[in-house]
Amino acid sequence: KSEKKPRTGQEQQLSLFDEAEQTAEEQKSQTFEEVCAPAHTRRKRGRRPIPADLPRVEIIHDLPESEKACPCGAELVRIGEEVSEKLDIVPAKIQVIRHIRPKYACRACEGVEDDGPTVKTAPMPLQLIPQGIVTPGLLAHVAIAKYADALPLYRQEDQFARLGLDISRGTLAGWMIRVAKACDPLIDLIIEEIRSGPLVNMDETTVQVLAEPGRANTTKSFMWVARGGTPGKPVVLFRYHPTRAGCVAAEILGNFQGYLQTDGYSGYEALGEREGIRHLGCMAHVRRKFVEVEKTTGKKAAGGTAHAVLDLIGKLYGVERQAEKQKLAPEQIKALRAEKSSPILDKLKALLDARVATTPPKSLLGKAVSYALKQWDRLVVYLED
């Protein structure tokens with residue numbers, strides 16, 4: 001969001017609906033104008049109905065028997081009812097699941113030597129933690145709260161205490177480690193699905209681990225992210241590793257063949273040269289460097305080069321938004337890119353070539369131009385498919 005570019009002026013205002021550069025503020029402004037239209041042009045929105053599939057608990061508030069008589073002496077007759085629905089919630093409660101397994105033995109065989117078991121019981125259902133007290137449902141509850149709802153384990157520890165259960169943070173952490181190991185087969189399926197598709201997007205970002213054995217808590221670690229699989233139904237893998245070595249990306253990709261999209265990090269170079277892989281560059285990473293230039297030096301610095309580059313890249317994103325809005329088929333998107341994106345890319349390349357010789361290579365602008373030109377052959381691959 002910090003990289004989104006504000007637009008001013010009538011000509012630019014007209015392009016808001018097909019430009020990816022529109023800012024969050026502009027979106028909010030547009031929404032406000034639509035909502036505040038005159039009353040005769042918009043129907044006032046009422047309260048959304050309560051979903052019909054939610055369970056209902058009926059509470060009847062009836063008149064006392066003494067009030068069911070008319071002053072004339074006749075008995076009142078029920079002619080209908082008024083119903084008001086209110087949302088309620090049942091707070092979480094702790095319960096204990098008791099697994100009872102009857103034991104069976106043969107009275108006739110008592111005292112008789114036999115190789116077989118003398119007492120028979122049904123086996124226990126499989127458990128993630130066989131000797132533990134936790135059910136799969138409670139493990140799922142803790143995992144979802146922590147990893148989907150961002151609720152730290154120490155807060156969950158407090159929640160359980162309010163419910164009358166003493167479960168330490170260390171115990172909760174141990175449970176999550178066991179859950180992670182139990183998910184290994186699912187993760188293997190995710191990796192297999194990523195490799196099965198025609199395109200993999202990959203990137204890595206720094207993370208800080210506070211208590212990793214043998215490493216200082218200020219040491220940089222990395223979260224590798226890969227996205228791929230069936231078009232329209234992609235899956236995403238987050239894979240932690242203490243290093244940024246290119247072998248991590250190679251291990252994730254395995255025998256993948258197809259398009260690989262990355263930034264310009266050198267760790268991906270060997271992968272991009274591997275047989276069966278077509279290496280794609282990332283325009284967002286190129287754009288980010290020119291955003292940094294414009295924020296640092298201003299739009300008018302260096303002849304407005306950064307500003308001009310960002311405008312051209314914005315038009316490229318506008319073409320993609322047009323294709324998305326019109327719900328074009330893949331071949332139609334390819335034709336649209338050939339018609340509209342290719343000329344824009346030619347202008348962008350000419351601008352970069354003109355600036356590279358006159359821009360100090362170690363300046364922010366110089367580094368941005370150099371990065372874009374180095375990635376150029378990969379940036380234009382998306383025109384072909």
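## Close-up views of a predicted model

**View 1. An open sheet of five strands.** The five strands of this open sheet follow the order S5-S4-S3-S6-S7, with mixed pairing. Strand S5 (233-241) and strand S7 (277-280) are the edge strands, each pairing on one side only. From one strand to the next, the twist averages 25 degrees. Two strands count as paired if DSSP finds at least two bridges between them; helices (H or I, at least four residues) and strands (E, at least two) are DSSP runs, numbered from the N terminus. This is a predicted model, in which local features need pLDDT of at least 70 and side-chain atom pairs count only at pLDDT 80 or more, while totals for chains, interfaces and linings use all residues. Residues are numbered from 1 along each chain as its sequence is written, and side-chain values use heavy atoms, with hydrogens and water left out.

View 2. S6 and S7 run parallel and are joined by four bridges. Gln261 stands opposite Leu280 in S7. Helix H6 (residues 184-196) packs on the sheet and touches strand S3 (199-208), S4 and S5; contact means heavy atoms within 4.5 Å. The direction of H6 makes about 120 degrees with that of S5. Axes are lines fitted to C-alpha atoms, for helices over the stretch in contact, and angles run from 0 to 180 degrees between N-to-C directions.

View 3. The structure holds two aromatic pairs. Trp224 and Tyr268 have ring centres 6.2 Å apart and planes at 80 degrees, so this pair is edge-to-face. Rings of Phe, Tyr and Trp (its six-membered ring) pair if their centres lie within 6.5 Å; planes under 30 degrees apart count as stacked, over 60 as edge-to-face and the rest as tilted. Trp224 belongs to strand S4 (residues 220-230) and Tyr268 to the loop between strand S6 (258-261) and helix H8 (269-272), 44 residues apart. Tyr268 is buried, with a relative accessible area of 0%; buried means under 20%, exposed over 50% and partly exposed in between (1.4 Å probe, protein chains only). The rings of Tyr265 and Tyr268 are also edge-to-face, because their centres are 5.6 Å apart and their planes lie at 90 degrees. Together, Trp224, Tyr265 and Tyr268 form one aromatic cluster.

View 4. The charged end of Arg244 sits over the ring of Tyr265, 3.8 Å from its centre. Lys289 lies over the face of Tyr371, at 4.7 Å from the ring centre. A charge sits over a ring if NZ of Lys or CZ of Arg is within 6 Å of the ring centre and within 35 degrees of the ring normal. Tyr371 is one of the buried residues of helix H12 (residues 364-374). The buried residues of H12 pack against helices including H9 (283-297) and H11 (330-356).

**View 5. Salt bridges.** A salt bridge is a side-chain nitrogen of Lys or Arg within 4 Å of a carboxyl oxygen of Asp or Glu, and by this rule the count comes to twelve. Glu384 and Arg278 meet in one of them (3.0 Å, N to O). Glu384 lies in the segment after H13 and Arg278 in strand S7, so the pair ties together parts that are 106 residues apart in sequence. Arg337 forms a salt bridge with Glu320, the closest N and O atoms being 2.8 Å apart. This pair ties helix H11, which holds Arg337, to helix H10, which holds Glu320.
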